[in-house]
Amino acid sequence: MSQPTLESILQENRLFPPPPAFAQQARITPERYEQLCREAERDPLGFWERLAREELHWFKPWQQVLQWDPPQAQWFVGGQLNLSYNCLDRHLENGRRHKTALIWEGEPGDIRTLTYEQLHQEVCRFANGLKALGIQTGDRVGIYMPMIPEAAMAMLACARIGAAHTVVFGGFSAEALKDRLRDAEAKAVITADGGWRKDAIVPLKPQVDLALAEGVPSVEKVLVVQRTGQAVEMTPGRDIWWHELAPTVSEDCPAQPMDAEAMLFILYTSGTTGKPKGVVHTTGGYNLYAHITCQWIFDLQEEDIYWCTADVGWITGHSYIVYGPLSNGATVFMYEGAPRPSKPDCFWELIARHRISIFYTAPTAIRAFMKSGDALPRQHDLSSLRLLGTVGEPINPEAWIWYHTVIGNERCPIVDTWWQTETGGIMISPLPGVTATKPGSATRPFPGIQADVVDLEGDPAPAGGYLVIRQPWPGMMRTVYKDPQRFRASYWEKIPPKDGQYFYFAGDGAHRDEDGYFWVMGRVDDVISVAGHRLGTMELESALVSHPAVAEAAVVGRPDELKGEAIVAFVILSDGQEGSESLRQELMQHVVTEIGAIARPSEIRFTDALPKTRSGKIMRRLLRNLAAGSGISGDTSTLEDRGVLERLRQEV
Ligand code: WTA
């Protein structure tokens with residue numbers, strides 16, 4: 001193939017049909033796809049019901065597939081199952097007992113491999129450990145862990161006994177951890193002394209201590225896994241080492257049959273207010289949706305070695321490191337660390353060493369690899385790869401083409417998967433044996449998913465509008481924890497229902513092309529995406545104004561070549577404060593302390609005023625223009641004080 005010109009890279013409009021060799025072997029072939037789409041269209045509930053029956057183990061069948069009392073959905077009402085049973089026990093009987101379930105590599109190079117039988121044993125022990133600490137069905141358990149096998153074991157152990165977990169990303173600060181544990185009223189926290197990341201130990205236990213010192217009255221026990229071995233303080237009566245508890249508990253722990261609608265986990269995500277939302281997922285629908293999307297979209301075959309580079313602290317880690325692949329009996333590879341200056345090519349080395357066949361990562365990572373050149377990946381044998389995926393943000397065609405040529409050697413289909421914490425699983429994505437891909441487009445909805453692009457009245461607006469889902473689906477979130485009103489307002493009332501039709505409002509802008517392909521353009525609300533991580537501008541602003549030197553703050557995203565968006569904060573200082581470089585550094589650090597390192601602003605600009613409307617609303621659009629260094633565009637007639645813009649411009 002000839003080298004594409006710059007023009008063709010910027011405006012990529014080639015079609016990439018599935019490689020014939022891939023399509024022939026694929027789980028879902030074009031013929032099968034047609035059948036599935038017809039089935040889902042003719043009888044949507046029958047479609048999900050058939051899959052639930054054929055793909056999962058149930059202790060008790062359901063009486064009703066869906067009870068839809070908008071926006072409240074209940075799936076497989078009356079049915080009972082256990083997600084950890086579906087991920088573990090059933091594979092002991094279906095020929096996968098000695099199959100490798102988990103291959104893990106730590107950053108220092110230590111490797112662990114667990115068969116399904118061994119993972120089952122470890123999870124049973126862990127579950128009994130939790131019981132020994134007094135955790136019961138219905139309790140909430142915080143998980144604040146590095147990327148080690150025990151993170152997955154802890155999640156599966158909670159699922160096994162019917163305790164809902166809330167995993168908090170290990171990069172979040174003590175402050176952020178405290179907020180989440182408090183909101184979830186967690187009874188226990190599972191953590192580790194620390195984890196390895198970028199050649200350093202990230203201390204986790206001390207962050208838990210800090211979070212609990214501020215008062216999280218519900219937390220009675222802290223279970224600590226030893227990973228890095230540095231000294232940590234243990235509070236007698238509260239803190240227990242896992243390696244001391246483990247030998248005292250049995251390995252026998254039958255999975256607790258759970259109601260299909262029993263809460264499986266809470267995962268906090270950023271929204272448009274200062275307070276993160278506790279997204280609630282339940283057992284049956286989530287299990288089915290994570291399972292079937294993982295199987296079809298990643299074309300899981302028995303011999304695959306599957307690697308999703310996310311952290312278990314995000315939804316991608318929940319659905320596509322732990323629950324989806326294990327429910328399918330796949331071999332999952334898990335890595336503790338991250339590419340780092342001492343090993344910029346560690347991902348390629350890992351792919352070669354472990355013969356990874358399916359690789360799922362984020363556009364922000366691809367852009368970083370692309371920047372460091374083709375030589376590093378070319379030094380490694382990537383011939384085991386057969387399928388590539390991306391998630392988390394739109395992928396620019398240039399990065400897509402690089403991924404396709406340099407990593408996939410033009411052989412591997414790429415699945416660009418659009419979805420959200422709220423959707424539980426992938427909603428729009430190519431099926432790798434079926435869909436001709438277009439770089440930058442997530443292509444088409446998964447069979448059974450009715451996605452659309454509409455205007456605020458709910459009328460189709462394919463040329464550009466809001467991404468919505470028209471029908472309930474099994475993996476959908478059920479509510480915002482303890483805040484059903486916020487659930488309704490954030491997702492179901494942005495576009496008012498009409499004629500009995502409800503619209504799930506995703507918060508993304510999109511358009512559809514002449515082939516019906518979806519192009520997701522990014523958030524339409526005050527959420528920004530920094531290196532694929534969702535952050536609310538209000539959350540960042542509350543963090544800034546909690547510093548005594550700050551009177552007011554406005555945060556916007558600025559386009560960034562690597563991270564997608566970078567955080568720019570406009571800050572008005574309190575009376576008597578001087579805007580110095582040291583204060584700027586102090587404020588950046590303050591945001592890190594309040595939220596975590598992912599939230600560190602790239603730039604803080606001091607100002608004496610913010611552009612506001614006459615009713616006092618900050619005009620973020622203008623701030624975005626300023627942050628991007630572009631001219632002010634659009635209407636400024638509602639601006640209260642036109643001098644503000646001039647002053648802000650001059651300060652740059
Ligand atoms: C964005 C991550 C374009 C989108 C699974 C969404 C994407 C938000 C894509 C959810 C994609 C995710 N193309 N944008 N393939 N995937 N997004 O909850 O803005 O962390 O609303 O879930 O990421 O982020 P979340």
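Which strand does Phe76 lie in? Select Phe76 and you land in strand β2. Strands (E, at least two residues) and helices (H or I, at least four) are DSSP runs, numbered from the N terminus.

Before moving on, two notes. This is a predicted model, where local features need pLDDT of at least 70, side-chain atom pairs count only at pLDDT 80 or more, and totals for chains, interfaces and linings use all residues. Residues are numbered from 1 along each chain as its sequence is written, and side-chain values use heavy atoms, with hydrogens and water left out.

**Stop 1**

Is Phe76 buried or exposed? Phe76 is buried, because its relative accessible area is 0%. Buried means under 20% relative accessible area, exposed means over 50%, and partly exposed lies in between (1.4 Å probe, protein chains only).

Now select Pro70 and Pro71. The peptide bond from Pro70 to Pro71 is cis, with omega near 0 degrees. Pro71 sits in the loop between β1 (64-69) and β2 (72-77).

**Stop 2**

Select Met476. You are in the loop between β22 (465-469) and β23. Met476 counts as buried because its relative accessibility is 1%. Which residues does Met476 contact, leaving aside neighbours within four places in sequence? They are Trp68, Ala73, Trp75, His281, Glu422, Thr423 and Trp492. Contact means heavy atoms within 4.5 Å. Met476 and Gln420 are 56 residues apart in sequence, and their C-alpha atoms are 9.7 Å apart in space.

Go on to Lys482. Lys482 lies in the loop between β23 (479-480) and α17 (484-492). Its phi is near 60 degrees, a positive value in a residue other than glycine. Lys482 counts as partly exposed, because its relative accessibility is 49%.

**Stop 3: aromatic rings**

How many aromatic pairs does a search of the whole structure find? The search finds 39. Rings of Phe, Tyr and Trp (its six-membered ring) pair if their centres lie within 6.5 Å; planes under 30 degrees apart count as stacked, over 60 as edge-to-face and the rest as tilted.

Show Trp307 and Phe333. This pair is edge-to-face, with 5.1 Å centre to centre and 90 degrees between the planes. Trp307 is in strand β16 (residues 305-308) and Phe333 is in strand β17 (residues 331-335), so the pair links distant parts of the chain, 26 residues apart. Both Trp307 and Phe333 are buried.

Next, select Trp68, Trp473, Phe487, Tyr491, Trp492, Tyr502 and Tyr504. They form one aromatic cluster.

**Stop 4: charges over rings**

Select Arg180 and Phe172. The charged end of Arg180 sits over the ring of Phe172, 4.4 Å from its centre. Then try Lys438 and Tyr517. Lys438 lies over the face of Tyr517, at 4.5 Å from the ring centre. A charge sits over a ring if NZ of Lys or CZ of Arg is within 6 Å of the ring centre and within 35 degrees of the ring normal.

**Stop 5**

Select Phe265 in strand β14 (residues 263-269). Phe265 is buried, because its relative accessible area is 0%. Not counting residues up to four places away in sequence, Phe265 touches Ala164, His165, Val279, Val280, His281, Tyr286, Ile315 and His318. Its C-alpha atom is 8.2 Å from that of Arg140, which is 125 residues away along the chain.

Now show helix α12 (residues 315-327). α12 is mostly covered, with 13 of its 13 residues buried. Gly329 follows α12 and has a positive phi, near 70 degrees.

**Stop 6: two packed helices**

Finish with helix α14 (residues 363-371) and helix α16 (residues 397-407). They pack at an angle of about 70 degrees, with their axes 10 Å apart. Axes are lines fitted to C-alpha atoms, for helices over the stretch in contact, and angles run from 0 to 180 degrees between N-to-C directions. That angle makes α14 roughly perpendicular to α16. Angles of 65 to 115 degrees count as roughly perpendicular, under 35 as roughly parallel, over 145 as roughly antiparallel and the rest as oblique.

Which residues make the contact? Select Ile366, Arg367, Phe369 and Met370 of α14, and Glu398, Ala399, Trp402 and Tyr403 of α16.
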